[in-house]
Amino acid sequence: MIEAVLRHIKNYFITEVHAGNFTISGGELTNADFMKDGYYLIWGSKYNDAVHIYPDDTLTDEEFSGDIALMNPPEDFLTVCEEIEEYMASDMASPSPYKKESFGGYSYELEDSSAGSWQRVFASRLNQWRKI
């Protein structure tokens, strides 16, 4: 879920980027001495392009030429991501997709495809980290 939120706000909280040839063996990065505990993003990999948490032994073995970006998302942001995950697991994430309105004996009903989306519900809290 965190990757979807990062993509939505267009901010990966990148602190360092390391380009080079990397090897993943036994599910782990083997030649990345710069790695620190925490989040990182892999670009240029055939199988592992995504956000991961170090240490991670679930990567698919491969050799690739690409980038590894170390990330430092704020604790408040991670808390909002956890709340989004809880929201998505609840019934609130899928309310009725219809918007109703009535006045003066007239009423109508429209489909509202964005009702209940986490992007809409958490927009005000995520805006502080959004990049254009």
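This is a predicted model: local features need pLDDT of at least 70, side-chain atom pairs count only at pLDDT 80 or more; totals for chains, interfaces and linings use all residues.
Started with α1 and looked up which of its residues are buried: Ile2, Val5, Leu6 and Ile9 are. I then checked how they sit around the helix, and they cover an arc of only 100° around the axis, so they lie on the same side of α1.

I found three strands on the list, β3 (38–43), β4 (50–54) and β5 (62–71). The helices there are α2, α3 (118–121) and α4 (123–126).

Helix α1 spans residues 2–9 and helix α2 spans residues 75–89. I noted a packing angle of about 115°, with the axes 10 Å apart. The crossing of α1 past α2 is right-handed. For the contact itself, I wrote down Ile2, Val5, Leu6 and Ile9 from α1, meeting Phe77, Leu78, Cys81 and Ile84 from α2. By class, I get 8 nonpolar residues in this contact, with no polar and no charged ones.

I also looked just past the end of α1. Lys10 follows the helix, and its phi is positive, near 55°.

Then I zoomed out to the whole chain. I have 4 helices and 7 strands, in the order α-β-β-β-β-β-α-β-β-α-α from the N terminus. Of the 132 residues, 33% count as buried. Among contacts with a separation of 6 or more, 63% come from residues 24 or more positions apart. Last entry: the accessible surface is about 8400 Å², and 47% of that belongs to carbon and sulfur atoms.

Technical notes
Residues are numbered from 1 along each chain as its sequence is written. Side-chain values use heavy atoms; hydrogens and water are left out. Axes are lines fitted to C-alpha atoms, for helices over the stretch in contact, and angles run from 0 to 180 degrees between N-to-C directions. Helices (H or I, at least four residues) and strands (E, at least two) are DSSP runs, numbered from the N terminus. A crossing is left-handed if the near helix is turned anticlockwise from the far one by less than a right angle, and right-handed if clockwise. Contact means heavy atoms within 4.5 Å. Ala, Val, Leu, Ile, Met, Phe, Trp, Tyr, Cys and Pro count as nonpolar, Asp, Glu, Lys and Arg as charged, and the others, Gly among them, as polar. Buried means under 20% relative accessible area, exposed over 50%, partly exposed in between (1.4 Å probe, protein chains only). Accessible areas come from the Shrake-Rupley method with a 1.4 Å probe; for residues, only the protein chains shown count as cover. The arc is that of the directions from the helix axis to the C-beta atoms.
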